[in-house]
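Work through the exercises below with the sequence and the model open. Try each task before reading its solution.

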Number of protein chains: 2
Amino acid sequence: MAEELHKIKTILPEPTLRRLPWYLAYVNLLQSQKVEYVSSTQIAKEIKVDASQIAKDLSFLNIKGKTRIGYEVDTLVHELADFLGFKEVHNAFMVGVGSLGGALMRDSGLSQYGLNIVAGFDIKQEIIGTSICNVPIYDMEELAKYRKETGTEIGILAVPVEHAQEAADKMIACGLKAIWNFTPYRIKAPEDIVIQNTSIYAHLALIYNRMQENEKTASTCKE
Amino acid sequence: MAEELHKIKTILPEPTLRRLPWYLAYVNLLQSQKVEYVSSTQIAKEIKVDASQIAKDLSFLNIKGKTRIGYEVDTLVHELADFLGFKEVHNAFMVGVGSLGGALMRDSGLSQYGLNIVAGFDIKQEIIGTSICNVPIYDMEELAKYRKETGTEIGILAVPVEHAQEAADKMIACGLKAIWNFTPYRIKAPEDIVIQNTSIYAHLALIYNRMQENEKTASTCKE
């Protein structure tokens, strides 16, 4: 079964992988409302993705709907969460326990999606030895030591921009396999290291810009 | 000048807008290192974007480099931050002060990018009337009242999935113009409302999946 799942994952296109969490969020909602079945047409209407695309995406996971009834909600919730890796526990280090890093350590939502922050690392002496939500904060110099002890593979990068590359280099050197990069800096890494950029501040620029465009459209319409 | 900038913004393609914050992060770093000039080739090497693309992107902002010298770092920092809207103050409401919402309210980084959270809103009686980092938390019912009083236009959505659409509807009804959606739910909104999805948990699925693919490649290589 694990073998089979592995095969499927390999051929999964990234756009599909990006849509699956939307489906999961919606079927989670249906499950909480005690809804038993849902059609791809109904999901399509809610999520604004073409129904045939949804059916295709779900077929990658070997999930098939029944004619006239649709998909079983419980099955969808289970299979999607399982496939997306949210049911396993993935240990992670928080590298850089500043404002954003500390905030992420306080967010219990991450653990619901399988991410378990086991330690924080920083260079600021005044926070080394303290903890946030019972997660200890160590000296950055001890990264390699705790990496070995805990077998952690994911590092969350939330240091100031000027230290982003240097911190990433240390994370890679000590054996971390994936870096979830919350800095706006485009870090360089070997091909076999997974880099996921989540530059939340960059999204602000998109919001500001679109708002300004909308204002312009509105004022043009009034003229 | 403002008029001119407006014209430029309108024709800016979204991929360009997504790359500009990367350039800013890099030139910020150069500025902190007292570097005076940078070439598009050098930026290209650091950011892994084609040099001609960078020159084209920057030309949208009317920023031109000098032959053999390149771009003035101070000018780039100033123009990019200004263009991206990071130098203005944009008031925002936090809708849903749970774990993630509270964490974002504690993140001082947002204000560095021009976002000023002026109030939080929730339905939980036990937190209404309290505050986080001096930002008051009000009853969700008072959204419209404070909207008018403060002229706020941006709402950050961080409620549980099952309340996402309902909360978004309230935000739109009271006059907010943009919703920064941190829930994994695809909310529906009229066309003139700016929606920016930042589903950080969905990114976790991408990380888990790529790590598994890498493991598979590694084991295949060993065979």
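Contact means heavy atoms within 4.5 Å. This is a predicted model, where local features need pLDDT of at least 70, side-chain atom pairs count only at pLDDT 80 or more, and totals for chains, interfaces and linings use all residues. Residues are numbered from 1 along each chain as its sequence is written, chains are lettered from A and ligands numbered from 1 in the order in which they are written, and side-chain values use heavy atoms, with hydrogens and water left out.

**Exercise 1. Size up the interface**

Find how many residues of chain B are in contact with chain A, and how much area is buried between the chains.

Solution. 
- Step 1. Count contacts: 70 residues of chain B meet 70 residues of chain A.
- Step 2. Take the buried area, which is the accessible area (1.4 Å probe) that two parts lose on being put together, summed over both. Between chain B and chain A it is about 6700 Å², with 63% from carbon and sulfur atoms.
- Step 3. Arg186(B), Tyr201(B) and Tyr208(B) supply 10% of the area that chain B buries against chain A, more than any other three residues.

**Exercise 2. Pick out the polar links**

Determine how many salt bridges join chain B and chain A, and which residue of chain A Glu46(B) reaches by a side-chain polar contact.

Solution. 
- Step 1. Apply the salt-bridge rule: a side-chain nitrogen of Lys or Arg within 4 Å of a carboxyl oxygen of Asp or Glu. The count between the chains is four.
- Step 2. Check one example. Glu14(A) bridges to Arg210(B), and their closest N and O atoms are 3.3 Å apart.
- Step 3. Apply the polar-contact rule: a pair of N or O atoms within 3.5 Å; within protein, one must be able to donate a hydrogen and the other to accept it, and residues adjacent in sequence count only if both atoms are side-chain atoms. Across the interface, 30 residue pairs qualify, both at pLDDT 80 or more.
- Step 4. See which element leads. H10(B) gives the most to the side of chain B that touches chain A, with 17 residues. Helices (H or I, at least four residues) and strands (E, at least two) are DSSP runs, numbered from the N terminus.
- Step 5. Locate Glu46(B): it sits in helix H3 of chain B. Its side chain makes a polar contact with that of Lys188(A) at 3.2 Å. Glu46(B) also touches Tyr185(A), Arg186(A) and Tyr26(B), not counting residues up to four places away in sequence.

**Exercise 3. Trace the sheet of chain A**

Give the strand order of the sheet in chain A, and explain why one side of E5 and of E9 has no neighbour in the sheet.

Solution. 
- Step 1. Strands pair if DSSP finds at least two bridges between them. The open sheet has seven strands, ordered E5-E6-E4-E3-E7-E8-E9 (chain A), with mixed pairing.
- Step 2. E5 (131-132) and E9 (194-197) of chain A are at the edges; each has a single partner strand, so one side is left without a neighbour.
- Step 3. E7 (residues 154-157) and E8 (residues 178-181) of chain A are parallel over four bridges. Within this pairing, Leu157(A) has Asn181(A) in E8(A) as its bridge partner.
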